[in-house]
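Here are my notes on the model you sent. Please read them with the structure open.

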Amino acid sequence: MSKRVLLVIGGGIAAYKSLDLIRRLKETGAAVRVVMTEAAQRFVTPLAAGALVGERVFTDLFDQTQEFDVGHIRLARECDLIVVAPATADLMAKAANGLANDLASAVLLATDKPVLMAPAMNPRMWANAATQRNFARLQADGLSFVGPNEGEMAERGERGVGRMAEPEEIRDAALALLNDGPLKGKRALVTAGPTIEAIDPVRFLSNRSSGRQGYAIAAALAELGADVTLVSGPTNLAAPPGVKRVGVESAREMLAASEAALPLDVAVMVAAVADWRPAQAADEKLKKDKAGLPAISLAENPDILATLSKPGKKRPKLVIGFAAETENVEEHARAKIARKGCDWIVANDVSGDVMGGAENQVLLIKTDGAEAWPRMAKDAVARKLAAEIAAALSSKPRRRS
Ligand code: C5P
């Protein structure tokens, strides 16, 4: 079945990019319908958008012909996803407060479908407390967001956060929410980020993992249609569209949340789990004035990858671990497959600047071979790995162990 996307174009200079977005959505095989606000029509014409979708564009809540033909309730329901791009401060404010005084806002109030917003506005408007309040409220209401990005603004010399995400990014986020693709119906778990292990109520042990690679993998799996749970330690990253994020702190919480995600088709363990935790987390803040230095004795954390890899009925069909090595990468990674019982290892050489950086160079090691990938962006590594996973899950007969 081809997916149906309702694109709501708001009134902002970024509206011209929404014409490109229409083209990119159609390239994926989606059927696209367009609603334009009155302000949007000052930036691009309904004629241009209509020519690209191949049907007339909807603009008016009170137009007799439009409302009797396809009313706002039908527009709101006869689709699989609503994309609002550009989502202006005004449209966000209306949606956050349930206003419905034009076709676009009425559709947003009437829908029971997932909504993806791509905000675009001047950085000061984005940073304004009212917009941030609306943004938080819309997220709490279950709407998804892509962007805004940081960069040059249309106004001369202005820079900041407020640029609309690029059409390709919006398309990818839309695909993730449409739950369609080669991994449709497959359940995936990704662990990401660091864990933090309490010393006392205010102090902890942790590491420098940014979570970027894991978040990118979760996004890439969702873009291929998988049902993705992302179990994440504390990071600064937003949950990718279409991904269910479960926030955890300690390794033990991460293990519990990972086991709660079973049954799974694939588990990708990217988290930098702390190997040890303070054996006893103090209930009260440790006092500095006590005689002598406090000694922290450590206890070993559970190995989440090894636990999920254990043979049994519940074992995911494909379990993938990561290995950060600084020497003899392949040899150490192979030993890790054997030790942990997983199927594949994505090994990287972290002797350079990979940790926390935007790029990664990996070696994908399967039981029957190894493949060195060229150095590429973490997003590209994620997409390539997701494609490998999709190929493996579609060709592999159900594993019995
Ligand atoms: O043993 P090492 O930490 O090098 O193994 C790394 C791999 O094991 C990663 O996939 C990491 O997410 C996973 N791991 C885990 N639980 C641990 C330690 C590592 O899942 N306690």
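**Notes on the chain and on strand 11**

1. Surface first. This is a predicted model. The chain exposes about 19,600 Å². Carbon and sulfur atoms supply 51% of that area.

2. Overall dimensions. The chain has 401 residues and a radius of gyration of 24 Å. A compact globule with that number of residues would have a value near 21 Å, so the two agree. Along the principal axes, the C-alpha atoms fill a box of roughly 75 × 60 × 40 Å.

3. Secondary structure and burial. The chain holds 15 helices and 21 strands. Buried residues account for 50% of the 401.

4. Contacts. Take the contacts between residues at least 6 apart in sequence: 67% of them join residues at least 24 apart.

5. Charges. There are 52 positive and 49 negative charges in the chain. Their mean positions lie 4 Å apart.

6. Strand 11, burial. This strand covers residues 227-232. Five of its six residues are buried, so the rest of the structure largely encloses it.

7. Strand 11, pairing. Which strands pair with strand 11? One is strand 8, residues 187-192, in the parallel sense over six bridges. Another is strand 12, residues 243-247, also parallel, joined to strand 11 by five bridges.

8. Thr229 as a reference point. Thr229 in strand 11 stands opposite Leu189. Thr229 also stands opposite Lys244 in strand 12.

Definitions and conventions:
Residues numbered from 1 in each chain as written. Predicted model: local features only at pLDDT ≥ 70, side-chain atom pairs only at ≥ 80, totals over all residues. Heavy atoms only, no water. Helix = DSSP H or I, 4+ residues; strand = E, 2+ residues; numbered from the N terminus. Rg over C-alpha atoms; globule rule 2.2 N^0.38 Å. Buried < 20%, exposed > 50% of the residue type's maximum accessible area, 1.4 Å probe, protein only. Contact = heavy atoms within 4.5 Å. Areas by Shrake-Rupley, 256 points an atom, 1.4 Å probe, with all protein chains shown as cover. Lys, Arg positive; Asp, Glu negative; His and termini not counted. Charge placed at Lys NZ, Arg CZ, Asp CG, Glu CD. Pairing = 2+ DSSP bridges.
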